[in-house]
Amino acid sequence: MNTRTAKIISLFLAFFLFSSALPVRAQKGFRSARRAVKAAKVTPVIPAEKAAVRAAQQATALNSGRIAAQTAKINAKLAAQTQAAGQALSRRMPMSPHQHIKELLKGNKNPTEALRQWWALTDKYNKPSMFEAFASTYYKKYFYILTPHLTQLFKRVEQQNNRDLELRFLKRLRFLAENRTQFQKVFSPNAHQATLRVRFTNDISRLTAKNFNARDLVFSFEKFLTPKHPKHGIRHVNLNSKFTVGNGQEFDVYNYSGPLEFLPHLYRYLINGEKHFRDPITVVFDAKAKALALYNKDKSLRLRITTHEYSRPEKLHLHLNEMRTGTIVNQQGQEVKETVNFNLSIPIAKPASLPNYKRDEYLYKQFIQNPVNFYRGDSRVTILQQPIF
């Protein structure tokens with residue numbers, strides 16, 4: 001073995017030991033280099049080995065830099081997530097929103113001041129508008145039942161994200177709530193507390209900060225045409241009311257169980273009564289909402305039929321609304337002219353036979369479409385195609 005060969009063998013051994021100490025990725029890179037050298041059948045020489053060692057060192061440094069950069073990126077992401085979680089925890093209120101609101105209302109006789117404090121609290125915890133929670137809590141302080149109608153209304157106000165609207169809305173709600181006894185004395189002295197509510201007489205889905213009219217928020221007396229409430233009724237409609245169709249057949253209004261094809265006659269009776277059955281009426285057909293509203297001549301009575309009334313066969317019903325105007329004396333001793341709503345719920349019996357296929361379409365046709373077609377061509381009926389509000 002000559003001297004040059006011995007040196008080459010020694011260098012190979014040293015290179016092997018050095019490569020074993022390299023990181024895994026560097027070792028893989030170095031092995032790839034060695035395989036490339038063997039594939040090319042190049043006889044290793046000292047300068048080539050030195051170049052390979054230098055390349056391996058550079059690859060190791062490059063990989064180490066990439067690993068460090070990736071590690072720093074991951075750590076930064078984790079730090080950001082930890083910080084966000086900490087901020088979220090710091091924004092949590094120490095108690096539920098409704099509990100906060102109850103405490104604010106308890107400590108303030110003026111609910112508008114409580115509302116301003118609620119705004120400050122939601123700002124502190126970086127919360128969005130939460131007017132629905134405030135209005136619902138305040139409403140339940142004075143009234144028994146929070147209806148889906150009102151929940152939808154409060155949510156609509158909240159979605160406008162307008163504090164001036166929230167303040168105007170609350171002021172009107174406060175007037176109705178704090179003067180409920182005065183309303184009851186004037187309009188319905190014998191009404192049970194559970195039947196006293198608030199109702200919005202316009203289209204909730206179109207309410208905005210610009211078009212809100214406080215007078216659309218009215219005091220409402222709920223009535224139910226059932227044997228449990230024998231004195232409930234509106235004008236000519238009561239528990240004993242009956243109506244007739246052209247062939248002389250007579251049907252009970254309460255829990256009507258006759259053919260659905262006679263519904264147009266029932267609608268007209270509810271609006272005009274027997275004596276004024278042929279008086280002019282206005283029919284508003286809302287095709288988009290699949291709803292119908294009928295008005296008598298002076299618009300003081302309205303019959304409302306929406307999907308809420310006819311979509312559930314076991315709970316079919318109609319809503320007859322009467323608007324009455326009178327003067328109340330408010331808590332400050334001032335005379336105020338107010339219009340209130342009387343809402344009579346009239347049950348309809350479940351039809352003896354209902355199709356199993358396309359039931360919703362069948363009920364829509366019977367309660368909405370057929371009556372509209374029935375009234376077409378009648379000179380005493382004005383049909384309008386527009387939203388029912």
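Predicted model: local features only at pLDDT ≥ 70, side-chain atom pairs only at ≥ 80, totals over all residues.
A polar contact here is a pair of N or O atoms within 3.5 Å; within protein, one atom must be able to donate a hydrogen and the other to accept it, and residues adjacent in sequence count only if both atoms are side-chain atoms.

Residues are numbered from 1 along each chain as its sequence is written, and side-chain values use heavy atoms, with hydrogens and water left out.

**The chain as a whole**

The protein chain holds 12 helices and 10 strands; helices (H or I, at least four residues) and strands (E, at least two) are DSSP runs, numbered from the N terminus. Of its 389 residues, 42% are buried, a word that stands for under 20% relative accessible area, with exposed meaning over 50% and partly exposed the range in between (1.4 Å probe, protein chains only). The chain exposes about 22,400 Å², and carbon and sulfur atoms supply 53% of that area; the areas come from the Shrake-Rupley method with a 1.4 Å probe, and for residues only the protein chains shown count as cover. Among contacts (heavy atoms within 4.5 Å) between residues at least 6 apart in sequence, 61% join residues at least 24 apart.

Gln184 belongs to helix α9 (residues 180-187) and counts as buried because its relative accessible area is 11%. Not counting residues up to four places away in sequence, Gln184 touches Pro189, Ala191, Gln193, Leu196 and Phe221.

His232 sits in the loop between β2 (217-224) and β3 (242-244). His232 is buried too, at a relative accessible area of 15%. A polar atom of the His232 side chain lies 2.9 Å from the backbone nitrogen of Phe224. Once neighbours within four places in sequence are set aside, the contacts of His232 are Glu222, Lys223, Phe224, Leu225 and Asn238.

**Aromatic rings**

A search of the whole structure finds 20 aromatic pairs. Rings of Phe, Tyr and Trp (its six-membered ring) pair if their centres lie within 6.5 Å; planes under 30 degrees apart count as stacked, over 60 as edge-to-face and the rest as tilted. Two of these pairs are set out below.

| Ring pair | Centre distance | Plane angle | Class |
|---|---|---|---|
| Phe169 and Phe212 | 5.7 Å | 40° | tilted |
| Phe175 and Phe183 | 6.2 Å | 85° | edge-to-face |

Phe169 is buried at 0% relative accessibility, and Phe212 is buried at 7%. Phe175 and Phe183 are buried as well. Ring pairs also join residues into a cluster whose members include Phe131, Tyr139, Phe143, Phe169, Phe175, Phe183, Phe212, Phe221 and Phe342.

Strand β7 (residues 301-305) is mostly covered, with five of its five residues buried. In a regular strand the side chains alternate between the two faces of the sheet. Here Leu301, Leu303 and Ile305 point one way and Arg302 and Arg304 the other, and all are buried.

Strands pair when DSSP finds at least two bridges between them. β7 pairs with strand β6 (residues 291-295) in the antiparallel sense over four bridges, with Ala293 opposite Arg304. β7 is also joined by four bridges to strand β8 (residues 317-329), again running antiparallel, and Leu301 stands opposite Glu322 there.

β6 and β7 form a hairpin with five residues between them, and Lys299 in the turn has a positive phi of about 65°. The charged end of Lys299 sits over the ring of Tyr295, 5.7 Å from its centre. Such a placement requires NZ of Lys or CZ of Arg within 6 Å of the ring centre and within 35 degrees of the ring normal. Lys290 likewise lies over the face of Tyr364, at 5.5 Å from the ring centre.

**Helix α10**

Helix α10 (residues 263-272) is mostly covered, with 10 of its 10 residues buried. Among them are His265, Arg268 and Asn272. Gly273 follows α10 and has a positive phi, near 80°.
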